[in-house]
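Please keep the sequence and the structure at hand while reading.

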Amino acid sequence: MLRKNKLKHSYWQLSPVQFLSLGFLSTILIGGFLLSLPFAASNHQPTNLIDALFTATSAVCVTGLVTLNTALHWSLAGKLIIMLLIEIGGLGFMSFTVFILFLSKRKVNLKMRIIMKEALNIDELSGGINLVIYILKFSIGVQLLGALLLMIDFIPKYGIGKGIFYSVFHAISAFCNAGFDLFGNSLESFQKNPYVLLVLSLLIVAGGLGFIVWRDLLTYKKNKRFSFHTKLTLIVTSLLLMSGFVLFLLIEGNLGQMSSLNWFDRMMNTLFLAITPRTAGFNSISYNDLSYASILLTCFFMYIGGSSGSTAGGLKTSTFGVLVIHALSIFKGKEETQFLGRTINIKIVNRAFVLLFTIMSIITTAIVLLSITETLPENVGIEYIIFEVFSAFGTVGVTLGLTSELTDIGKFLVMGLMFIGRVGIFTILLSLIKKDTTHTGKIRYPEETTIIG
């Protein structure tokens, strides 16, 4: 009885952000252990624990970077475990926890509601349960529709059993922006299949928009309004997708080097090239065949990532939007950050700048450390490491070929980047650092100025 009370007390002592961080970490450890067992591998031999943990981390953090070929190394059981980890990681383990409580008809207490608030990144405690149920229904519905559309192409090509499994697996992987594939070369064998590329593109965009945005879109007929967050997200996402398509079109000359593709296929692959860095992880064109300009542009899009409250990672579109709007406001001589007839709270602006600075510090540190731990082959430059770091932190999953060559230390560094990128910097920091509220609002120091720029 005493032990039970101690465990319960320990549970209540955990802050919501600590609970979320430990929840993701526990899911990774359990998934890594299961993948290391013989039944998870196609050769029925134990898998190296580090590689199993790396795969589990990549799946839960919906990244897609792999040290082992997903199609060849894992058995059906291993692929099912990976698919489940992707689903849990994409929708958030809290969503599944609430779903289990809902099915068991157990009451969700205040502590769980607070944790849900942190997990879903919403401001109110009320409505969290309904939002979780909505997220699960919407996600399952979209993934099911995506799987049915993929079956039209996959079943005639691979047969009924394999076609259905491939359709479900890749629909989940695309919607959750995970980038895991069962073809062995991502989607390079589908360069001449615009239908599959289009279906997966729509799933990627749907998963990367965010559940709050989709709720506003689907209830617009009833409410006749969008929230400021939805408006900002839709504007920034549209601008990034359109600018990415145009820039890749110009830089690569509409993939003029791909002589085997007709004009329409090149257009579709260029569009996919603009969509997939938004943390999706698939690639229909080998990044080794692209110019340095396209590599740098891809790093920029991986850095921004998808939308807040979505399955995507990165800085997030709304954060990027706030930073750009604030910069434009300063250039115009405005004291407040204004957009669409609204003033953005200064706390939000400050939070965006903290994120920008912290992310760049983490990325720079990771690049330096990997430059020390990894030995690059001849004729390979630092861009291989830079690309890997942006891909890992943005939970994207594309690579120039470094992932499979990582040392054990390099694997742990990349795992750390994927974990921070998925769980979130503020969640990680707040779970490690105790907030100082001792002198909040009691002491005010004199203001000073310094030279900027």
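## Cavity, pocket and helix packing

In this predicted model, the element that contributes the largest share of the lining of the largest cavity is α10, with 4 residues. Helix α10 spans 194–209, and together with α13, which spans 228–251, it belongs to the elements that each supply at least two residues of that lining. The structure holds 1 cavity of 30 Å³ or more, and the volume of the largest cavity is about 80 Å³. Its lining consists of N177, I204, V205, G208, L209, T237, L241, I275, R278, G306, S307 and T317. Sorted by class, these lining residues comprise 5 nonpolar, 6 polar and 1 charged.

The second largest pocket has a volume of about 480 Å³. It is lined by 27 residues, of which V66, G184, S186, N283 and T399 are the closest to its centre. The class division of this lining is 9 nonpolar, 16 polar and 2 charged residues.

| Helix pair | Angle between axes | Axis separation |
|---|---|---|
| α5 (residues 76–91) and α9 (residues 160–175) | about 30° | 9 Å |
| α13 and α15 (residues 292–304) | roughly 170° | within 10 Å |
| α15 and α18 (residues 383–393) | about 25° | 9 Å |

For the pair α5 and α9, the angle of about 30° between helices whose axes are 9 Å apart means that α5 is roughly parallel to α9. The crossing in which α5 passes α9 is left-handed. On the α5 side the contact involves L76, K79, L80, I82, M83, I86, E87 and L91, and these meet F165, V168, F169, I172, S173 and F175 in α9. The residues of this contact of α5 with α9 fall into 11 nonpolar, 1 polar and 2 charged.

Helix α13, already named as a supplier of the cavity lining, also packs against α15, their axes crossing at roughly 170° and coming within 10 Å. The two helices are therefore roughly antiparallel. From α13 the residues L240, S243, G244, L247, F248 and I251 take part, meeting A293, S294, L297, T298, F301 and I304 in α15. In the contact of α13 with α15 there are 8 nonpolar and 4 polar residues, and no charged ones.

Which residues does α15 use where it packs against α18? The axes of α15 and α18 lie 9 Å apart at an angle of about 25°, so that α15 runs roughly parallel to α18. Their crossing is left-handed. The contact is made by Y292, I295, T298, C299, M302 and Y303 of α15, together with E383, I386, F387, F390 and S391 of α18. By class, the residues of the contact of α15 with α18 divide into 8 nonpolar, 2 polar and 1 charged.

Methods. Residues are numbered from 1 along each chain as its sequence is written. This is a predicted model: local features need pLDDT of at least 70, side-chain atom pairs count only at pLDDT 80 or more; totals for chains, interfaces and linings use all residues. Side-chain values use heavy atoms; hydrogens and water are left out. On a 1 Å grid over the protein atoms alone, a cavity is a set of points where a 1.4 Å probe fits but cannot get out, and a pocket is an open set with protein on both sides within 12 Å along at least five of seven lines; lining residues have an atom within 4 Å of a point. Grid points are joined across faces, edges and corners, and a volume is the space filled by probe spheres set on the points. Ala, Val, Leu, Ile, Met, Phe, Trp, Tyr, Cys and Pro count as nonpolar, Asp, Glu, Lys and Arg as charged, and the others, Gly among them, as polar. Axes are lines fitted to C-alpha atoms, for helices over the stretch in contact, and angles run from 0 to 180 degrees between N-to-C directions. Angles under 35 degrees count as roughly parallel, over 145 as roughly antiparallel, 65 to 115 as roughly perpendicular and the rest as oblique. A crossing is left-handed if the near helix is turned anticlockwise from the far one by less than a right angle, and right-handed if clockwise. Contact means heavy atoms within 4.5 Å.
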